[in-house]
Amino acid sequence: MAQPTHFQRYVQRSLDVVRKKTWDSVSIDTLTMAGANPIDRSPRTLITWNSEEDIASYNTGADEDVGGYSTANLSLNTSPELNKPVERTATGMFWGQMRLDIKPELADRVRPGYAGFRTKKRPTLFGDLEDDLSFHHYLVLRARVSGDPETRNAYYMNLRTAGYATHDIWQHRLYFRYPEKWEDIYIPICDFVRTNKGQISKKNLTMWTERVNMFGISMLGGNSNSEGNYELGLDSLRMVNQEDCHPDDLPSLKNVPSA
């Protein structure tokens with residue numbers, strides 16, 4: 001089956017925005033008249049990594065772009081054995097080599113030890129597409145960490161929102177419990193930390209969760225002095241609330257405020 005063209009995806013996103021705005025307007029008017037609560041707190045999938053079209057919607061980057069030696073790749077893995085536990089025919093794979101050395105002439109100007117990927121802009125007739133996380137407590141990343149053991153604790157989830165400079169990124173470290181197995185990583189949205197040019201910002205601000213316009217994952221070997229071959233399998237990113245979580249995960253989520 002032929003993949004949709006860039007223009008077809010642009011038109012489809014614009015139509016989706018029109019449908020959502022129309023439905024929101026009708027729903028709010030109808031539910032308000034009925035005295036009901038129009039807030040939608042149901043689980044929702046934000047991202048999947050299950051097709052070539054999914055993979056094509058990201059940009060990759062690493063310090064090799066500015067004189068380092070780390071590499072970043074995002075590709076589709078169609079191994080039946082690897083994908084069977086998540087019942088997929090294909091999943092994403094973020095992989096490459098993490099290096100901490102750099103060309104000598106750039107040693108005082110470039111900080112090595114990073115690689116990552118992020119969503120491309122999603123333009124519509126009404127501006128870039130954004131996601132509203134404000135009625136949910138967690139992001140849930142279904143992933144599978146492997147690669148050299150030294151690299152497995154150096155991954156971060158990244159968000160960018162409207163209203164801030166483009167180099168301001170909200171980050172949360174990813175903690176894996178089961179190497180080389182698929183697992184769900186629960187990330188409290190309220191725990192993201194604002195960073196500026198790779199450093200934690202000293203200015204305390206609240207993340208604008210109503211207008212998230214970028215999702216990404218980075219491997220920051222420079223932060224943990226980690227080198228080696230890294231590999232992260234990716235299936236989906238969802239947003240959920242505490243009532244949607246498995247009981248075994250609830251102890252680690254106990255500090256999240258109730259709605």
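**Chatting through the fold and a pocket**

User: Hi! How many helices and strands does the protein chain have?
Analyst: Hello! The secondary structure of the protein chain comes to four helices and 15 strands. Keep in mind that this is a predicted model.

User: Thanks. What share of the residues is buried?
Analyst: Of the 259 residues in the protein chain, 42% are buried.

User: What about contacts with a separation of 6 or more: what part comes from residues 24 or more positions apart?
Analyst: Those residues account for 75% of such contacts in the protein chain.

User: Switching to pockets. How much space lies in the second largest pocket?
Analyst: That pocket holds about 880 Å³ of space.

User: Nice. Which residues lie nearest its centre?
Analyst: Tyr-114, Asn-158, Ile-169, Gln-171 and Gly-198 do, out of 33 lining residues. Elements giving two or more residues to this lining include strand E5 (115-119), strand E9 (155-161), strand E10 (168-173) and helix H4 (221-224).

User: How does the lining split by class?
Analyst: There are 11 nonpolar, 17 polar and five charged residues in the lining of the second largest pocket.

User: One more thing: where does Glu-150 lie?
Analyst: Glu-150 is in the loop between strand E8 (138-147) and E9.

User: Which residues is Glu-150 in contact with, leaving aside neighbours within four places in sequence?
Analyst: Glu-150 contacts Ser-226 and Glu-227. Although Glu-150 and Ser-226 are 76 residues apart along the chain, their C-alpha atoms are separated by 5.7 Å.

Definitions and conventions: Residues are numbered from 1 along each chain as its sequence is written. This is a predicted model: local features need pLDDT of at least 70, side-chain atom pairs count only at pLDDT 80 or more; totals for chains, interfaces and linings use all residues. Side-chain values use heavy atoms; hydrogens and water are left out. On a 1 Å grid over the protein atoms alone, a cavity is a set of points where a 1.4 Å probe fits but cannot get out, and a pocket is an open set with protein on both sides within 12 Å along at least five of seven lines; lining residues have an atom within 4 Å of a point. Grid points are joined across faces, edges and corners, and a volume is the space filled by probe spheres set on the points. Ala, Val, Leu, Ile, Met, Phe, Trp, Tyr, Cys and Pro count as nonpolar, Asp, Glu, Lys and Arg as charged, and the others, Gly among them, as polar. Contact means heavy atoms within 4.5 Å. Buried means under 20% relative accessible area, exposed over 50%, partly exposed in between (1.4 Å probe, protein chains only).
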